[in-house]
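Biologist: I would like to learn how to read a model feature by feature. Please take it step by step.

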Amino acid sequence: MSWRPSYSEAEVRAAVDEAHALGRRAGIHCLCGTAIERALAAGADQIEHANFVVDAAGRREHDPRIADALARAGTPVAATLSVGRYAIDRLTARDPRSPEDQAALDRSRRMFDGTVDNIARLRKAGVRLIAGTDAGWRFTPFDGLVTEMVLLAETGLSNVDAFAAATSDAAAALGLEHETGALREGLSERPAGRPRPPAPARLRHARRDRRARPGRRRLCLAPHRAVSRNGRKTFPPTESPL
């Protein structure tokens with residue numbers, strides 16, 4: 001029952017306190033407003049989803065009061081927009097589509113629209129957004145991070161901020177900014193960070209698209225041509241794994 005919190009504030013606080021006592025951070029999945037409030041009160045380090053679900057139909061009702069509390073706390077939210085996108089794509093592709101499939105598709109579309117609207121409102125409220133996908137759940141693949149970044153840009157994040165949500169901002173949210181998340185000497189891994197090149201250039205990976213709003217570049221990160229790690233090319237592979 002996603003419209004109700006699964007745990008009391010005392011239970012959430014106990015889990016967060018135990019994680020902190022062990023030197024760990026605590027990320028909490030919150031699908032309704034009360035769950036978000038309890039996670040904030042307990043001192044959660046990160047919140048997943050923050051969807052404001054209010055009933056069994058999956059309707060969202062954004063609460064500006066809770067959004068403001070999230071922004072004041074500076075607690076990052078992983079938007080997981082790609083969950084809905086992949087569900088819609090998979091259900092749309094089914095042919096023939098049963099009445100049950102159509103009902104699931106209609107529900108997924110309503111929920112996705114509500115999620116996109118909610119994340120856009122959180123962004124406007126000043127909430128820290130990072131990229132997260134819920135990889136492996138239902139239809140969401142493990143390589144869906146690029147889709148998440150594009151969807152974040154479509155909710156209103158600049159292309160640079162959407163890129164950072166999956167790299168430097170995500171690393172900071174996990175307390176790993178001294179190890180990874182940026183193009184900087186000494187880091188153990190080297191994903192692109194948060195460069196801010198002078199106008200009019202933005203990101204090399206962003207190109208103009210007819211679907212983009214006038215004057216805005218649409219984030220376009222696929223297909224990949226190459227991926228490097230620690231100065232070595234890892235994709236495409238240089239030799240067959242077989």
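Biologist: In which loop does Asp134 lie?

Modeller: Asp134 lies in the loop between strand S4 (129-130) and H6. Helices (H or I, at least four residues) and strands (E, at least two) are DSSP runs, numbered from the N terminus. This is a predicted model, in which local features need pLDDT of at least 70, side-chain atom pairs count only at pLDDT 80 or more, and totals for chains, interfaces and linings use all residues. Residues are numbered from 1 along each chain as its sequence is written, and side-chain values use heavy atoms, with hydrogens and water left out.

Biologist: What is the phi of Asp134 near?

Modeller: Phi of Asp134 is near 60°, a positive value in a residue other than glycine. Ala50 also calls for a look: its phi is near 50°, positive in a residue other than glycine. Ala50 lies in the loop between strand S2 (46-49) and helix H3 (64-73).

Biologist: Is Ala50 buried or exposed?

Modeller: Start with the cut-offs. Buried means under 20% relative accessible area, exposed over 50%, and partly exposed in between (1.4 Å probe, protein chains only). Ala50 counts as buried because its relative accessibility is 0%. Asp134 has a relative accessible area of 25%, so it is partly exposed.

Biologist: How many helices and strands does the chain have?

Modeller: The secondary structure comes to 8 helices and 8 strands. The chain has 242 residues, and buried residues make up 38% of them.

Biologist: What share of the contacts in the chain with a separation of 6 or more comes from residues 24 or more positions apart?

Modeller: Contact means heavy atoms within 4.5 Å. Residues 24 or more positions apart account for 59% of those contacts with a separation of 6 or more.

Biologist: What should the 12 residues of H4 span?

Modeller: The expected span of a helix is 1.5 Å times one less than its number of residues. For the 12 residues of H4 that gives 16 Å, and the end C-alpha atoms are 16 Å apart, so the two agree.

Biologist: Which residues of H4 are buried?

Modeller: Ser82, Val83, Gly84, Tyr86, Ala87, Ile88 and Leu91. Their cover includes H5 and helix H6 (145-154). H6 itself is mostly covered, with 7 of its 10 residues buried. Among them are Glu148, Met149 and Leu152. Just after H6, Gly156 takes a positive phi of about 125°.

Biologist: What kind of peptide bond joins Asp95 and Pro96?

Modeller: Read omega. Here omega is about 5°, and the bond is cis. Pro96 is found in the loop between H4 and H5.

Biologist: How much space lies in the second largest pocket?

Modeller: Rolling a probe the size of a water molecule over the atoms shows where empty space is left. On a 1 Å grid over the protein atoms alone, a pocket is an open set of points where a 1.4 Å probe fits, with protein on both sides within 12 Å along at least five of seven lines; lining residues have an atom within 4 Å of a point. Grid points are joined across faces, edges and corners, and a volume is the space filled by probe spheres set on the points. The second largest pocket holds about 500 Å³. Of its 22 lining residues, Asn51, Arg60, Val83, Met111 and Trp137 are the closest to the centre.

Biologist: Which helix gives the most to the lining of the second largest pocket?

Modeller: H5 does, with 6 residues. Helix H4 (82-93) and helix H5 (99-125) each supply at least two. The lining divides into 10 nonpolar, 8 polar and 4 charged residues. Ala, Val, Leu, Ile, Met, Phe, Trp, Tyr, Cys and Pro count as nonpolar, Asp, Glu, Lys and Arg as charged, and the others, Gly among them, as polar.

Biologist: With which residues is Asn118 in contact, leaving aside its neighbours within four places in sequence?

Modeller: Ala50, Asn51, Phe52 and His62. Asn118 is found in helix H5 and counts as buried at 2% relative accessibility.
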